[in-house]
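Here is a short report on one structure. Keep the 3D view open while you read.

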Amino acid sequence: MQNRTQTKASVGGKFSDITSKYKIIDAHGHLGYYKLFNIPDNNYEGILKSMDRTGVDKVCVSTLAGLEVDYKYGNDQVAEAIDKSEGRILGFACINPFEKEEIIPELERCFDNLKMTAIKLHPSLHDCPAESKNYIPVYEFAHERKLVIMNHSWGSGNNLRYIASKYHDAKFIQAHYGSAWDGNQELDILEAIKELDNAWLDTAGSGCYLGAFEKIVHMMGADKLIFGTDIPFLDISWQIGNVVFSDITDVEKKKILSTNFFKLINSN
Amino acid sequence: MNTIAPTEFIDCNCMLGQWKKNVESCFYTADDLISFINKASISKCLVFGSLAKYSEIQTGNNILINAIKDNERLIPCAIAMPHHSGEFPHPKEFYRYLANNNIRAVRIFPTFHGVSLYTWLWNDLFTILESAKIPLFIDFSLKHWSEEINWEQIKNICENFPLLPIILIRMSLKADRYIYYLMQNMKNLYIETSYYLVNNGIEKLVKSFGAEKLIFGTGIPVYNPNPSITMLNFSDINENERQMIAGGNLMKLLEEVKFDAKQDTN
């Protein structure tokens, strides 16, 4: 365990001195309110303030409203955040899988006009299962443009195997370790990600079990992990604590905290 | 702001003994635990015993006391439940047990032990704990923020035992819509921070109610202490407030416990 540095090694300095050296890119953020609980400081100004305080360089966001009810409203909010953040906030495009005819026009608007970086899917907030054919236009678009799609859940390992193999030029990220991994569950989605060349795992999540992060790095390899915090759904410093102060090497930390996602979004 | 100061972390949420799901990480002995907290820069722990939680309460309490005896960095926390079924000592007897062993904190598991927080069920125990101001840690065994708890029962307990310090363990995202009301109106309610993931949540609570009502905890060895330590370190609060949450508030509560000799001999 290396978190001794949290309280002793840098006394007199700033916590952001510890974190900023990694040029952290947070690949999993949001904007806006959520129906089930209070989210203070949920606008882009609040996000930027948290990033400054914790030494995070960039964050890629979608809006909770865009995932759940009104994708155009949400995408416009993300576009405003991109414009006003001087490149520090990146954007996920959202769609409504039930408005099939609108999916491609909206993705074109997002990527051709609104400077979006990746696509976010969320089957439970969309209320549309991960296996639904309604998502096919999204996969085709991402494949054609070699884009990243992050999904709250790809459903089964086999679903991801099928999609990632068929749309092999797209890049697929499974959020939340595949579901609050406690270091013990044998999840097929993790096996699928390990097998596939174009699939990765995001670290965001509330369940930080002792030793689980180190185990997953060992199991998957540091090249397969993408740093995410879920800010402001979750406090940004939660996952910073889990990853920056974990018992893995500095080289592994740099990959997870920054270079893995940077390469994904800059390799078109 | 955010300048690192030598904060002293005192963890109020720590378990000693075997935990079946993570045999590599659990603390079998006091030395195991001390070795871990040394690396984690935690100076002291309020500890309960795993046997007391998972199986035999009083045997587990006794094993814990013996295991950490004479260790100034490990502070015992006894687990309790209602006595009516004969499984657990009568509150008066339990009180003597606490006093004789200088145990200044009690933890209950209403969900895990299947005993809801009905005032009538816990009245005898809580009355006697309140008489000595023994802090009561209530652990609903929440694994995920989406789980619900019975806030009406918490409000009733706070109202009926106003001098009993009540600390809610692992409060999380869904707590805010209740705790702002409750903390405004119930002076004896405290929040443990190990799973309080609300965005900038610590600083918001401090701004509204002061730093006195937050108690630092980690949940080791089940949970990783790094996220909860980092969250407190990064919170936009002053160093005095940070130290109060990190350990000062807990120590103050423990120091305020007053065992009454009369109660002891009743």
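## A helix pair across two chains

The model shown here is predicted. The crossing of H12(A) and H9(B) is right-handed.

Which residues make the contact? From H12(A) come A:Ser237, A:Trp238, A:Ile240, A:Gly241 and A:Asn242. From H9(B) come B:Asn226, B:Pro227, B:Ile229, B:Thr230, B:Met231 and B:Phe234. Sorted by class, the contact of H12(A) with H9(B) has six nonpolar and five polar residues. No charged residue takes part in it.

## How H12(A) is enclosed

Nine of the nine residues of H12(A) are buried, so this helix is largely enclosed by the rest of the structure. The buried residues are A:Ile236, A:Ser237, A:Trp238, A:Gln239, A:Ile240, A:Gly241, A:Asn242, A:Val243 and A:Val244.

What covers the buried residues of H12(A)? Chain A contributes helix H2 (15-20), helix H3 (44-54), strand E2 (56-63), helix H11 (212-220) and helix H13 (250-265), among others. H9 of chain B is also part of the cover.

## The contact between the chains

Now step back to the whole contact between chains A and B. Chain B gives 39 residues and chain A gives 43. On the chain B side, helix H7 (176-185), helix H8 (201-209) and H9 each supply at least two residues. H9(B) gives the most to this side, with seven residues.

How do the residues of chain B that touch chain A divide by class? There are 17 nonpolar, 14 polar and eight charged residues.

Look next at helix H4 (residues 91-100) and helix H5 (residues 119-131) of chain B. Their axes come within 9 Å and cross at roughly 35°. H4(B) passes H5(B) in a right-handed crossing. H4(B) makes the contact through B:Pro91, B:Lys92 and B:Tyr95. H5(B) uses B:Asp124, B:Leu125 and B:Ile128. Four of the contact residues of H4(B) with H5(B) are nonpolar, two are charged and none is polar.

## The largest nonpolar core

In soluble globular proteins, nonpolar side chains tend to be buried together. The largest nonpolar core in this model has 175 residues. Which of them touch the most other members? They are A:Phe92, A:Ile149, B:Val47 and B:Leu136. Strand E1 (residues 9-16) of chain B gives the most to this core, with six residues.

Take B:Val47 as an example. Leaving out residues up to four places away in sequence, B:Val47 touches B:Cys14, B:Met15, B:Leu16, B:Leu64, B:Ile68, B:Leu74, B:Ile75, B:Pro76 and B:Cys77.

## A buried charged residue

Find A:Asp202 in strand E7 (residues 199-202) of chain A. Is A:Asp202 buried or exposed? It has 25 C-beta neighbours inside 10 Å, so A:Asp202 counts as buried. The cut-off for buried is 20 or more.

What does A:Asp202 touch, not counting residues up to four places away in sequence? Its contacts are A:Ala27, A:His28, A:Met150, A:Ile173, A:Gln174, A:Ala175, A:His176, A:Ile226 and A:Gly228. A:Asp202 and A:Thr54 are 148 residues apart in sequence. In space they are 19 Å apart, C-alpha to C-alpha.

## Backbone details in the loops

In chain A, the bond from A:Ile231 to A:Pro232 is cis, with omega near -5°. A:Pro232 sits in the loop between strand E8 (225-226) and H12. In chain B, a cis bond joins B:Ile220 and B:Pro221, with omega about 5°. B:Pro221 sits in the loop between strand E9 (214-215) and H9.

Two lysines are worth a look as well. A:Lys23 has a positive phi of about 45°, although it is not a glycine. A:Lys23 lies in the loop between H2 and strand E1 (24-31) of chain A. With 15 C-beta neighbours inside 10 Å, A:Lys23 counts as partly exposed. A:Lys146, not a glycine either, has a positive phi of about 55°. Its place is the loop between helix H8 (136-145) and strand E5 (148-151) of chain A. A:Lys146 is partly exposed, with 14 other C-beta atoms within 10 Å.

Key:
Residues numbered from 1 in each chain as written. Chains lettered and ligands numbered in written order. Predicted model: local features only at pLDDT ≥ 70, side-chain atom pairs only at ≥ 80, totals over all residues. Axes fitted to C-alpha atoms, helices over the stretch in contact; angles between N-to-C directions. Helix = DSSP H or I, 4+ residues; strand = E, 2+ residues; numbered from the N terminus. Left-handed = near helix turned anticlockwise from the far one by under 90°. Contact = placed C-beta atoms within 7 Å. Nonpolar A, V, L, I, M, F, W, Y, C, P; charged D, E, K, R; others polar. Core = buried A, V, L, I, M, F, W, Y, C linked by C-beta atoms within 7 Å. Buried ≥ 20, exposed ≤ 12 C-beta atoms within 10 Å, placed from the backbone.
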